[in-house]
Amino acid sequence: MTSDKEQIILNKAYGSLPSVRSAYSDAAFRTPEQEVLYQVLNSTAAPLPQVPEESRFETLVGTAMAELFADAAAGKPVTNESIKAKLSAAEGKM
């Protein structure tokens with residue numbers, strides 16, 4: 001999915017920006033709108049710092065959300081209080 005050729009195919013289907021810099025040289029990515037986005041991303045975007053416990057956080061919050069969706073699917077009420085309880089429990093495990 002990251003080859004220049006595939007990026008061009010995806011752009012034609014979805015109007016997306018390429019995920020690899022080399023594909024920007026193709027005319028498919030040189031519309032006025034995409035040119036503005038390219039310039040903004042090229043001059044202002046920066047990677048976020050890594051958070052040491054991010055994967056643990058994602059697992060705990062994801063599990064809490066899955067449990068809440070399971071409750072909703074089973075017909076159990078999902079309330080502000082139940083959401084707070086699940087997220088507080090997840091936060092307590094951090």
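The questions below ask how several labels for this predicted model are reached.

Local features need pLDDT of at least 70, side-chain atom pairs count only at pLDDT 80 or more, and totals for chains, interfaces and linings use all residues. Residues are numbered from 1 along each chain as its sequence is written, and side-chain values use heavy atoms, with hydrogens and water left out.

Q: Why is Gln34 called buried?
A: Buried means under 20% relative accessible area, exposed over 50% and partly exposed in between, with a 1.4 Å probe and protein chains only. Gln34 has 7% relative accessibility, so Gln34 counts as buried.

Q: Why does Ile83 count as partly exposed?
A: The relative accessibility of Ile83 is 31%, and therefore Ile83 counts as partly exposed.

Q: What makes the pair of Tyr24 and Phe29 tilted?
A: Rings of Phe, Tyr and Trp (its six-membered ring) pair if their centres lie within 6.5 Å, and planes under 30 degrees apart count as stacked, over 60 as edge-to-face and the rest as tilted. By this rule the count comes to two aromatic pairs. In the pair of Tyr24 and Phe29, the distance is 6.0 Å centre to centre with 55° between the planes, which is tilted.

Q: Why is the pair of Tyr24 and Tyr38 tilted?
A: The ring centres of Tyr24 and Tyr38 are 4.2 Å apart and their planes stand at 50°, so this pair is tilted. Tyr24, Phe29 and Tyr38 form one aromatic cluster.

Q: How do you know that Arg30 lies over the face of Tyr38?
A: A charge sits over a ring if NZ of Lys or CZ of Arg is within 6 Å of the ring centre and within 35 degrees of the ring normal. Arg30 lies over the face of Tyr38, at 5.5 Å from the ring centre.
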